[in-house]
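The exercises below concern aromatic pairs and strand pairing. Work through each one before reading its solution.

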Amino acid sequence: RKYSYDDFTTSNVGLIPLKRVESGFVIGDENGDYLYLDPSDNYSVWIYYHDGGDVLKIADSFEQFAA
């Protein structure tokens with residue numbers, strides 16, 4: 001967030017407020033990219049890409065991700 005010029009980041013579902021990303025629960029990481037749950041979106045599963053600061057929604061819920 002401190003290197004961003006905006007209060008939003010890009011995703012595959014549109015602009016996402018950085019406050020929303022900051023409130024996520026990290027459940028894993030790989031090469032500095034974080035896998036996290038978004039409590040404001042039914043605990044959907046996302047990836048935060050540290051090199052670009054963008055995010056990618058990969059599942060609508062943890063249950064869907066685990067199946």
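**Exercise 1.** In which helix do Phe-62 and Phe-65 both lie, and how many residues apart are they?

Solution. Phe-62 and Phe-65 are both in helix H2 (residues 62–66), three residues apart, about one turn of the helix. Helices (H or I, at least four residues) and strands (E, at least two) are DSSP runs, numbered from the N terminus. The model is predicted: local features need pLDDT of at least 70, side-chain atom pairs count only at pLDDT 80 or more, and totals for chains, interfaces and linings use all residues. Residues are numbered from 1 along each chain as its sequence is written, and side-chain values use heavy atoms, with hydrogens and water left out.

**Exercise 2.** Classify the pair formed by the rings of Phe-25 and Tyr-43, and state which parts the pair ties together.

Solution. Step 1: the criterion. Rings of Phe, Tyr and Trp (its six-membered ring) pair if their centres lie within 6.5 Å; planes under 30 degrees apart count as stacked, over 60 as edge-to-face and the rest as tilted. The structure holds three aromatic pairs.

Step 2: the geometry. The ring centres of Phe-25 and Tyr-43 are 6.3 Å apart and the planes stand at 15 degrees, so this pair is stacked.

Step 3: the location. Phe-25 belongs to strand E3 (residues 25–30), while Tyr-43 sits in the loop between strand E4 (33–38) and strand E5 (44–48), so the pair ties together parts 18 residues apart in sequence.

Step 4: the accessibility. Buried means under 20% relative accessible area, exposed over 50%, and partly exposed in between (1.4 Å probe, protein chains only). Phe-25, at 45%, is partly exposed; Tyr-43, at 41%, is also partly exposed.

**Exercise 3.** Classify the aromatic pair of Phe-62 and Phe-65.

Solution. The centre-to-centre distance is 6.2 Å and the angle between the planes is 40 degrees, which makes the pair tilted. Phe-62 is partly exposed at 36%, and Phe-65 is partly exposed at 35%.

**Exercise 4.** How do E3 and E5 each connect to E4?

Solution. Step 1: the criterion. Two strands pair if DSSP finds at least two bridges between them.

Step 2: E3 with E4. Five bridges join these antiparallel strands, and Glu-30 stands opposite Asp-33 in E4. The hairpin has two residues between the strands, and Asn-31 in the turn has a positive phi of about 55 degrees.

Step 3: E4 with E5. Five bridges pair them in the antiparallel sense, and Leu-35 has Ile-47 in E5 as its bridge partner. Five residues separate the strands of this hairpin, where Asn-42 in the turn has a positive phi of about 60 degrees.
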